[in-house]
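Thanks for coming. Please look at the model on the screen while I go through its charged pairs.

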Amino acid sequence: MAKTRVTFTIDPADADRLRRAAERAGVTLSAYIEARVIASVEQDEAITKTFRDADAATNAAYAAADAAIWPEPEPLTPGEKAEADAVLERFFGKMRRSA
């Protein structure tokens with residue numbers, strides 16, 4: 001089987017730990033790293049697959065809760081807008097005069 005070279009950089013102390021672990025396992029450093037990385041990726045993929053439906057349901061529940069808690073506001077009527085503008089003008093007008 002064809003192989004692809006992958007280069008990565010790690011702390012020297014961690015490299016020594018990996019070499020010792022590979023020796024204990026009786027394999028080359030490359031074989032040890034490959035096996036451990038592939039096992040980790042397979043575990044991540046299995047977890048993602050296992051929880052895909054639950055994650056989608058959770059995300060949908062959060063979206064529904066956000067929509068229920070923060071519904072889109074109704075547009076202001078012209079009278080409500082004029083009232084809000086007057087309150088803001090009184091508030092900010094006072095700030096300008098007192099500054």
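The whole structure has four salt bridges, a salt bridge being a side-chain nitrogen of Lys or Arg within 4 Å of a carboxyl oxygen of Asp or Glu. Side chains of opposite charge can pair when their charged atoms come close. This is a predicted model, where local features need pLDDT of at least 70 and side-chain atom pairs count only at pLDDT 80 or more, while totals for chains, interfaces and linings use all residues. Residues are numbered from 1 along each chain as its sequence is written, and side-chain values use heavy atoms, with hydrogens and water left out.

One of the pairs is Glu-34 with Lys-3, at 3.1 Å from N to O. Glu-34 sits in helix H2 (residues 29–69) and Lys-3 in the segment before helix H1 (12–25), so this pair ties together parts 31 residues apart in sequence. Helices here are DSSP runs (H or I, at least four residues), numbered from the N terminus. Lys-3 is exposed, at 58% relative accessible area, and Glu-34 is partly exposed, at 37%. The cut-offs are under 20% for buried, over 50% for exposed, and partly exposed in between (1.4 Å probe, protein chains only).

Next, helix H1. Asp-14 and Arg-17 both lie there, three residues apart, about one turn of the helix, and their side chains form a salt bridge at 3.3 Å, N to O.

How far apart are the closest N and O atoms of Lys-81 and Asp-85? They are 3.0 Å apart, in another salt bridge. Both residues belong to helix H3 and are four residues apart. Lys-81 is partly exposed, at 45% relative accessibility, and Asp-85 is also partly exposed, at 39%.

Technical notes
Helix = DSSP H or I, 4+ residues; strand = E, 2+ residues; numbered from the N terminus.
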